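The following questions and answers examine a single protein chain. Please consult the sequence and the coordinates alongside each reply.

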Amino acid sequence: MRKGRMFGVCVLAGVMCVVSSCSRAPEIPTAPQSVLNVGFYAYFAPVSYSADSDPAADGFNIHLGYEADLLTAIEVMDVGLSFSRRGIAEWSGIWLKAAEPEYDLIGGGITILDSRTQDATGTQRVAFISGHITFRQSLLVRAEDADRLSEYASLTRDVKVGVLRGTTGEARLLQITGIVDANGVIAKGTRIDTPQGTLVADGSADYKITAAASTPNVENRFTLYPPAANMPQVNYPVNMPYQGFDPLIPRVLVALSDEQVLFENLRERRIDAIARGEIGNRDAAAAVHGAFVVTALDEQVEYGGFTLAVEDVVLRASLNEWIDYLTDGGNIGYGEWLADPQVFLKRAQVRKNDE
């Protein structure tokens with residue numbers, strides 16, 4: 001039995017009491033402390049990331065960032081729940097891992113999409129907890145290109161944009177520029193480089209890319225060449241066993257994450273922009289002290305949340321209640337946490353003291 005389901009049984013009485021008699025978050029359960037196994041994406045600073053980027057290091061499983069603090073605040077509220085956390089290096093399909101036996105909860109700055117709740121057969125496997133953070137997509141460019149690449153309409157065939165596969169950053173870029181339609185179908189005439197060779201999309205659903213999945217023939221895409229001059233070339237980081245030397249560790253080869261490869265490619269002018277969420281892009285721009293800047297903010301707002309198995313209904317209701325309290329019904333979000341990283345812990349302590 002999954003730990004999440006065990007916890008759901010433990011707190012059921014408490015949830016029923018809350019529904020019938022008060023509007024507060026679920027009371028502290030009388031059952032022993034429940035431990036949920038949490039998997040988190042390790043490379044989405046500052047929302048969710050590992051203390052050490054090396055998956056073989058002990059620090060890889062130390063969870064940091066906005067979502068880490070939100071979960072820690074739930075533990076501080078003393079609601080009979082704690083989290084055992086494990087970093088995950090691969091983004092593709094990470095949200096569906098909540099349906100696997102070894103995980104109860106998955107996080108990492110995951111945009112809430114109905115399509116991400118279903119497996120390849122169309123069966124719903126996971127559900128999202130209510131959104132606790134808002135996202136907007138953007139471009140990260142070199143400072144000298146800020147005016148030239150100030151909006152998505154500036155992205156023409158001679159512009160190379162880096163993206164990560166399976167992200168909303170990729171999906172929104174492709175939609176906004178017309179490389180895919182609203183259903184993710186790739187525009188006719190688009191050339192797609194894959195390890196198996198170059199394909200040419202025929203405008204049918206046999207060639208498709210969405211934020212949830214893609215057709216198998218383009219799953220390992222590494223370059224998209226657009227069919228029209230008013231569309232950009234799209235580049236994906238290619239996994240390599242060696243990407244460079246760490247200047248702090250002489251003579252030691254270093255493997256970079258896909259995000260780090262994108263930033264290095266932007267710095268070295270192999271690409272002209274990175275299509276990515278505003279939060280991550282602004283954090284990256286701040287880290288290089290003005291060498292990169294954020295442009296082309298998307299008008300569409302997205303919401304991020306955790307996933308858990310679709311059958312963990314009671315646990316989902318409880319987590320929604322607690323997160324709603326910690327975020328003050330959505331009034332406290334990333335901006336407030338950035339200004340005061342203790343904001344969730346302070347609210348948790350108030351809640352605990354009121355019990």
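Q: In what order do the strands of the open sheet of three strands lie, with antiparallel pairing?
A: This is a predicted model, in which local features need pLDDT of at least 70 and side-chain atom pairs count only at pLDDT 80 or more, while totals for chains, interfaces and linings use all residues. Residues are numbered from 1 along each chain as its sequence is written, and side-chain values use heavy atoms, with hydrogens and water left out. Strands are DSSP runs of E with at least two residues, helices are runs of H or I with at least four residues, and both are numbered from the N terminus; two strands pair if DSSP finds at least two bridges between them. The pairing in this open sheet is antiparallel, and the order is 2-3-4.

Q: Which residue stands opposite Phe-44 in strand 3?
A: Strand 2 and strand 3 (residues 48–50) run antiparallel and are joined by two bridges. In the loop between these two strands lies Pro-46, which is linked to Ala-45 by a cis peptide bond with omega of about 5°. The residue of strand 3 opposite Phe-44 is Ser-48.

Q: What is the strand order of the open sheet of eight strands?
A: The pairing in this sheet is mixed. Its edge strands, each pairing on one side only, are strand 12 (197–200) and strand 18 (292–295). The order is 12-11-13-14-10-17-9-18.

Q: Which residue of strand 18 is the bridge partner of Arg-142?
A: Strand 9 (residues 137–142) pairs with strand 18 in the antiparallel sense, over four bridges. The bridge partner of Arg-142 in strand 18 is Phe-292.

Q: At about what angle to strand 17 does helix 5 run?
A: Angles run from 0 to 180 degrees between N-to-C directions, and axes are lines fitted to C-alpha atoms, for helices over the stretch in contact. Helix 5 (residues 278–287) lies across strand 9, strand 17 (273–277) and strand 18. The angle between helix 5 and strand 17 is about 125°.

Q: Is Gln-233 buried or exposed?
A: Gln-233 lies in strand 14 (residues 233–235), and its side chain forms a polar contact of 3.4 Å with that of Asn-235. A polar contact is a pair of N or O atoms within 3.5 Å; within protein, one must be able to donate a hydrogen and the other to accept it, and residues adjacent in sequence count only if both atoms are side-chain atoms. Buried means under 20% relative accessible area, exposed over 50%, and partly exposed in between, with a 1.4 Å probe and protein chains only. Because its relative accessibility is 12%, Gln-233 counts as buried.

Q: How are helix 2 and helix 6 oriented to each other?
A: The axes of helix 2 (residues 66–76) and helix 6 (residues 313–326) come within 10 Å and cross at roughly 105°. Angles under 35 degrees count as roughly parallel, over 145 as roughly antiparallel, 65 to 115 as roughly perpendicular and the rest as oblique. Helix 2 and helix 6 are therefore roughly perpendicular.

Q: Into which classes do the residues of the contact of helix 2 with helix 6 divide?
A: Contact means heavy atoms within 4.5 Å; here Leu-70, Ala-73 and Ile-74 of helix 2 meet Leu-319, Trp-322, Ile-323 and Leu-326 of helix 6. Ala, Val, Leu, Ile, Met, Phe, Trp, Tyr, Cys and Pro count as nonpolar, Asp, Glu, Lys and Arg as charged, and the others, Gly among them, as polar. The division is seven nonpolar, no polar and no charged.

Q: How are helix 2 and helix 8 oriented to each other?
A: The axes of helix 2 and helix 8 (residues 343–354) come within 8 Å and cross at roughly 10°. The two helices are therefore roughly parallel.

Q: Is Ala-296 buried or exposed?
A: Ala-296 has a positive phi of about 50° although it is not a glycine, and lies in the loop between strand 18 and strand 19 (302–304). With a relative accessible area of 9%, Ala-296 is buried.
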